[in-house]
Amino acid sequence: MSEEQPQRPETEQQEPIKYGDVFNVRGELAKQPIAPQDAAMMQSAETMVFGQTQKGGPASVMQSAATKNERSGLVSHDATTSVAGDEGVTVTETTVPGRRIITESVAGQVLGQYVEPVPVTAAVGGAGGEPEVAPITIGEALAATALTAGYKPVEQSDAAAIQAAEVRATGFSLITPGGLAATAQSAASVNEGLTQDVDKIKLNDVLTGATAKLPADKAATRQDAEGVMEAELRNNPELTTYAGGVAASVAAAARLNERSS
């Protein structure tokens with residue numbers, strides 16, 4: 001006489017993979033499940049810019065998560081996240097001297113960022129007259145942040161990172177009155193007293209035209225990137241850096257400079 005084995009449900013109750021589980025995003029987007037049509041939109045946008053989807057890029061990560069969510073019966077194949085559908089999935093390209101910055105976003109929040117060198121002819125060419133790629137300065141990395149995370153309200157972690165970047169760019173340990181660091185600190189203090197993001201001072205208000213606001217500048221190095229990242233982490237209660245933010249942009253600049261040297 002055989003005993004009946006307890007039947008295990010075919011699909012165990014579980015939570016879908018959300019944007020906040022795999023990307024450094026916040027607010028309503030972080031709580032939303034990654035849906036198949038969100039991934040499809042990002043794949044289409046990546047293909048338009050790159051010619052194909054990027055291995056390990058946001059579209060690939062989103063597709064993997066969406067497939068798992070669909071197979072688990074937690075989202076339908078035709079599902080689209082409300083914030084992605086309403087506010088959009090975008091891949092934007094910004095060209096600055098010597099490089100182009102590609103930013104991938106959902107609902108205005110950065111999921112990934114690429115910085116690619118664009119050959120420019122230097123005053124003195126390289127060997128054989130080949131074009132040289134000018135190194136990216138800390139000031140240029142800060143200016144790039146105004147493009148990649150400009151909508152982000154300035155917080156204490158941003159102000160600390162900007163101060164660390166300014167100190168390394170100028171070589172001065174004192175904050176320049178009216179400079180980037182002083183402006184960022186003032187903005188962060190003002191924002192702490194405001195409740196609505198729409199009223200807060202944003203990074204692009206502080207960092208647009210950053211190179212012209214620095215009294216001195218220098219090429220970004222790995223040591224600079226580490227110092228800026230440490231400052232941003234140390235002043236963030238969650239001990240994380242912001243995707244496309246100050247530390248991320250300086251780190252991207254330093255990596256590109258290493259490859260080009």
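How many cavities of 30 Å³ or more does the structure hold? The structure holds one.

Residues are numbered from 1 along each chain as its sequence is written, and side-chain values use heavy atoms, with hydrogens and water left out.

**Figure 1. Overview of the predicted protein.**
The protein has 12 helices and three strands. Helices (H or I, at least four residues) and strands (E, at least two) are DSSP runs, numbered from the N terminus. Of the 261 residues, 42% are buried. Buried means under 20% relative accessible area, exposed means over 50%, and partly exposed lies in between (1.4 Å probe, protein chains only). Among contacts with a separation of 6 or more, 64% join residues 24 or more positions apart. A contact means heavy atoms within 4.5 Å.

The largest cavity holds about 90 Å³ of space. On a 1 Å grid over the protein atoms alone, a cavity is a set of points where a 1.4 Å probe fits but cannot get out. A pocket is an open set with protein on both sides within 12 Å along at least five of seven lines. Lining residues have an atom within 4 Å of a point. Grid points are joined across faces, edges and corners, and a volume is the space filled by probe spheres set on the points. The cavity lining consists of V96, R99, I101, Q113, V115, I136, E140, A141, A144, S249, A252 and A253. Two or more of these residues come from each of β2 (99-106), β3 (109-117), α6 (138-148) and α12 (246-260). By class, the lining has eight nonpolar, two polar and two charged residues. Ala, Val, Leu, Ile, Met, Phe, Trp, Tyr, Cys and Pro count as nonpolar, Asp, Glu, Lys and Arg as charged, and the others, Gly among them, as polar.

**Figure 2. The largest pocket.**
This pocket has a volume of about 470 Å³. Its lining has 22 residues, and R26, Q109, K152, P153 and D197 lie nearest its centre. Helices α2 (27-31), α5 (82-87) and α8 each supply at least two lining residues. The lining divides into eight nonpolar, five polar and nine charged residues.

**Figure 3. The second largest pocket.**
About 180 Å³ of space lies here. The lining has 14 residues; N24, R26, N236, E238 and T240 lie nearest the centre. Three lining residues are nonpolar, five polar and six charged.

**Figure 4. Packing of α7 against α8.**
Helix α7 (residues 156-170) packs on helix α8 (residues 180-192) at about 175°, with the axes 8 Å apart. That makes α7 roughly antiparallel to α8. Axes are lines fitted to C-alpha atoms, for helices over the stretch in contact, and angles run from 0 to 180 degrees between N-to-C directions. Angles under 35 degrees count as roughly parallel, over 145 as roughly antiparallel, 65 to 115 as roughly perpendicular and the rest as oblique. From α7, the contact uses Q156, A159, I162, Q163 and E166. From α8 come L180, A181, A184, Q185, A188, S189 and E192. The contact has six nonpolar, four polar and two charged residues.

**Figure 5. D158 in helix α7.**
D158 lies in α7. D158 is buried, with a relative accessible area of 0%. Leaving aside neighbours within four places in sequence, D158 contacts K152, P153, L203 and V246.

**Figure 6. A59 in helix α4.**
A59 sits in α4 (residues 58-71). A59 counts as buried, at 0% relative accessibility. Beyond its neighbours within four places in sequence, A59 contacts M42, Q43, E46, T53 and E104. The C-alpha atoms of A59 and A45 are separated by 8.8 Å, and these residues are 14 apart along the chain.

Most residues other than glycine have a negative phi. A107, not a glycine, has a positive phi near 50°. A107 is in the loop between β2 and β3 and is buried, at 13% relative accessible area. L239, also not a glycine, has a positive phi of about 55°. L239 is in the loop between α11 (222-234) and α12 and is exposed, at 60%.

Terms used
Predicted model: local features only at pLDDT ≥ 70, side-chain atom pairs only at ≥ 80, totals over all residues.
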